[in-house]
Amino acid sequence: MKQEPSRATVGIPAPSGPGGCQDNLIEDFHLEDFTVPAVRGSVLHGLNLEGLSSGNVYRRGLMETGLFDTHRQLPFENLRTDITVTNKDAGVGGAGDAGPYFGCRIVHWGIRVTNDKNLGMEVSDVAPASLTAGITGLTSPGSGGLDKPSTHGSFTGDIESESLDFGTDLGQGSDLLDLQRAIAAV
């Protein structure tokens with residue numbers, strides 16, 4: 001049975017996403033900016049994956065607020081692609097004893113950051129066996145401080161991740177899922 005992808009405009013900014021979910025395709029989404037200020041002291045996130053979430057794809061999105069959050073508990077094999085992000089009003093989450101922020105094989109591909117904020121965007125320094133490619137709008141690579149032992153959690157192995165074409169707009173190649181489908185059709 002073929003499952004139709006979800007398409008959503010979320011009027012409340014920066015919701016958490018699927019925790020412990022597998023194999024979701026979330027495309028053509030829009031996280032709107034605040035229309036009233038957030039309550040002082042509130043904790044906001046963005047596109048969140050946690051609790052062994054795997055196989056999830058976020059694509060063709062616009063985030064006027066929020067960030068890419070992984071909330072620890074080893075989410076793995078997830079893709080965020082062809083997304084424009086204003087990385088603000090949010091922080092990464094998860095209990096300090098819940099392990100590292102990322103499991104392995106996290107891919108951020110064709111991401112456009114509008115305000116030069118690294119937190120959770122270019123993650124080749126913290127996500128094991130992962131890939132970031134074609135991330136634009138950042139002055140320098142790196143996860144924005146998630147690589148510090150006090151915030152990174154318990155992951156102590158070799159990262160073995162790659163950052164390709166940092167600062168390069170991938171143009172029509174910004175959607176990795178489209179590229180994979182085009183190759184598979186040959």
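This is a predicted model: local features need pLDDT of at least 70, side-chain atom pairs count only at pLDDT 80 or more; totals for chains, interfaces and linings use all residues.
**Exercise 1. Decide whether S7 is enclosed.**
How many of the eight residues of S7 are buried?

*Solution.* Buried means under 20% relative accessible area. Strand S7 covers residues 78-85, and eight of its eight residues are buried. Strand S7 is therefore largely enclosed by the rest of the structure.

**Exercise 2. Classify the aromatic pair.**
Work out the geometry of the rings of phenylalanine 29 and tyrosine 58.

*Solution.* The count is one aromatic pair. The ring centres of phenylalanine 29 and tyrosine 58 are 5.8 Å apart, and the planes stand at 75°. Planes over 60 degrees apart count as edge-to-face, so this pair is edge-to-face. Next, locate the partners. Phenylalanine 29 sits in the loop between strands S2 (25-27) and S3 (30-31), and tyrosine 58 in strand S5, so the pair ties together parts 29 residues apart in sequence. Finally, check burial. Phenylalanine 29 is buried at 6% relative accessibility. Tyrosine 58 is buried too, at 3%.

**Exercise 3. Describe asparagine 48.**
Is asparagine 48 buried or exposed?

*Solution.* Asparagine 48 belongs to strand S4 (residues 46-48). Its relative accessible area is 0%, so asparagine 48 is buried. The side chain of asparagine 48 makes a polar contact with the glutamate 50 side chain, at 2.8 Å.

Technical notes
Residues are numbered from 1 along each chain as its sequence is written. Side-chain values use heavy atoms; hydrogens and water are left out. Buried means under 20% relative accessible area, exposed over 50%, partly exposed in between (1.4 Å probe, protein chains only). Helices (H or I, at least four residues) and strands (E, at least two) are DSSP runs, numbered from the N terminus. A polar contact is a pair of N or O atoms within 3.5 Å; within protein, one must be able to donate a hydrogen and the other to accept it, and residues adjacent in sequence count only if both atoms are side-chain atoms. Rings of Phe, Tyr and Trp (its six-membered ring) pair if their centres lie within 6.5 Å; planes under 30 degrees apart count as stacked, over 60 as edge-to-face and the rest as tilted.
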